[in-house]
Amino acid sequence: MVEKNKEYVLDIVAQGYEGEGIAKIDSYPIFISGALTEEKVRVKIIKVKKNYAYGKIEEIIAPSLDREVEKCTYYKRCGGCSIQHMSYKKQLDFKWERVKDCISKIGGLSEDIVSYPLGMDTNPYRYRNKVQLPIGKVNGEVVVGFYAPRSHNIIDIDTCLIQDEVADKVAILTKQWIKKYNLEPVTIDGEFNPNGILRHIMIRRGFKTKEVMVVLVVTKKDIPHIEEFKRLIIENVKEIKSIVLNINSKNTNVILGTECINLYGSDIIQDYIGDFKFNISPLSFFQVNPIQTEVLYNKTLEFANLSGEEVVFDAYCGTGTITLFLSQKAKMVYGVEIIEPAIVNAKENAKLNSVNNAEFFVGKSEEVIPELISKGIEADVIVVDPPRKGCDIKLLEAIGKTRPERVVYVSCDPSTLGRDLKILEEQGYKTIEVQPVDMFPQTAHIENVALLVKDC
């Protein structure tokens, strides 16, 4: 029987879905954060459950050839990255195995249909164009950083190696401003402070335009010394185009509130994906890795295999980024999204790019798409890009009834992708290929795009 606080020397035989190493004692699995396959480690057991345990590395006795010294000094305390100790080739191998496992075990499909992940050709650091940093106090000291894993304890940081460098500068400036004027954050020692006024600082950067937006998330409109904050940012961030106050007064884990007050410059910044220009507001969804987003969208367009005569439905279209990519080669694209502000953004983005063959609808995809069909609009191709929980079963059933020639499924979760591919196969489709795209190096997350064709 495995005992808590006891140490064991173990061989790592596999990687878990979050990148943790897995060892076994008489078939009893032990999950060990930071361990790699084929390593021998001395481990202290920190938690024991009925069917598994968690261990902490005390010593790496025999390291893997794939182990790298992590570049970030905060890595072992911060909850942002989880696999920075793997070589980049090992990260892609791990993600490939994870997707194959989900497709075969959950989807019941051959793992041979899963292609090797498309990784970053450039340095897989400094790729994010957006960061949201919680503001707090720990032991009386102001902290701006990231939460520790599985907690609301804020780790104070001066630099994050997967964010744009301008975010580091803004975070440091924000901390200086808070200290100088002794302003109260909402989080103190991991607990909610009802008298606090500062919640988060969000920084967005246009990678191609270089434009910068800074959003200060607060609990009320009247923030002391806000003019000094504006002046500090304007004087030190030369590409600044937008400073916004976002109001969120609720005791909630949701970061942004719905009300935005423009403090300086424009209320948007702009950036490009491929040849398309997009307006980005504080509340807009926009993919955080612009380099790999272009790879993902081009693969989606390739799988759609459009000749210029097809009608396409884009379910869960968000702000219309994929819709516009599809419009390049489609006769007509209909985007559907339940979030109304996103559709407003989508229409603006279509107009901004002079796209006339895209139309957008607010509502549930599983309801709007059957309505379109009832009006005589039938799709040759349906593209879906659902949230992490996957597609609504009613939408999958509607796709089965609609019977488009091709379905292209963009997914941010291999497990729900495997589940939904199995359902679509039962609806009369055959999965031809699943292509992983590494949007989030140094983390366990992996995006995928799958091609299905009507199985006659």
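Let's start with a charge and a ring: the charged end of K100 lies over the ring of W96, 3.7 Å from the ring's centre. Keep in mind that this is a predicted model. A second pair of this kind involves R403, whose charged end sits over the ring of Y429 at 5.5 Å from its centre. Here are the two side by side:

| Charged residue | Ring | Distance from charged end to ring centre |
|---|---|---|
| K100 | W96 | 3.7 Å |
| R403 | Y429 | 5.5 Å |

Take F278 and F286: are their rings stacked, tilted or edge-to-face? The ring centres are 5.8 Å apart and the planes stand at 55 degrees, so this pair is tilted. To follow that step, recall that planes under 30 degrees apart count as stacked and those over 60 as edge-to-face, with the rest called tilted. Both F278 and F286 are buried. Elsewhere, F31, Y52 and Y54 come together in one aromatic cluster.

Now for the sheet. Strands of a sheet pair through backbone hydrogen bonds, and they can run parallel or antiparallel. In this model, six strands make an open sheet with mixed pairing, and their order is β1-β5-β6-β4-β3-β2. Which strands are at the edges? They are β1, covering 7-11, and β2, covering 14-15, and each of them pairs on one side only.

You can follow one of these pairings in detail. Strand β1 pairs with β5, residues 40-48, in the antiparallel sense over five bridges. For V9, the bridge partner in β5 is R42.

Terms used
Residues are numbered from 1 along each chain as its sequence is written. This is a predicted model: local features need pLDDT of at least 70, side-chain atom pairs count only at pLDDT 80 or more; totals for chains, interfaces and linings use all residues. Side-chain values use heavy atoms; hydrogens and water are left out. Two strands pair if DSSP finds at least two bridges between them. Helices (H or I, at least four residues) and strands (E, at least two) are DSSP runs, numbered from the N terminus. Rings of Phe, Tyr and Trp (its six-membered ring) pair if their centres lie within 6.5 Å; planes under 30 degrees apart count as stacked, over 60 as edge-to-face and the rest as tilted. Buried means under 20% relative accessible area, exposed over 50%, partly exposed in between (1.4 Å probe, protein chains only). A charge sits over a ring if NZ of Lys or CZ of Arg is within 6 Å of the ring centre and within 35 degrees of the ring normal.
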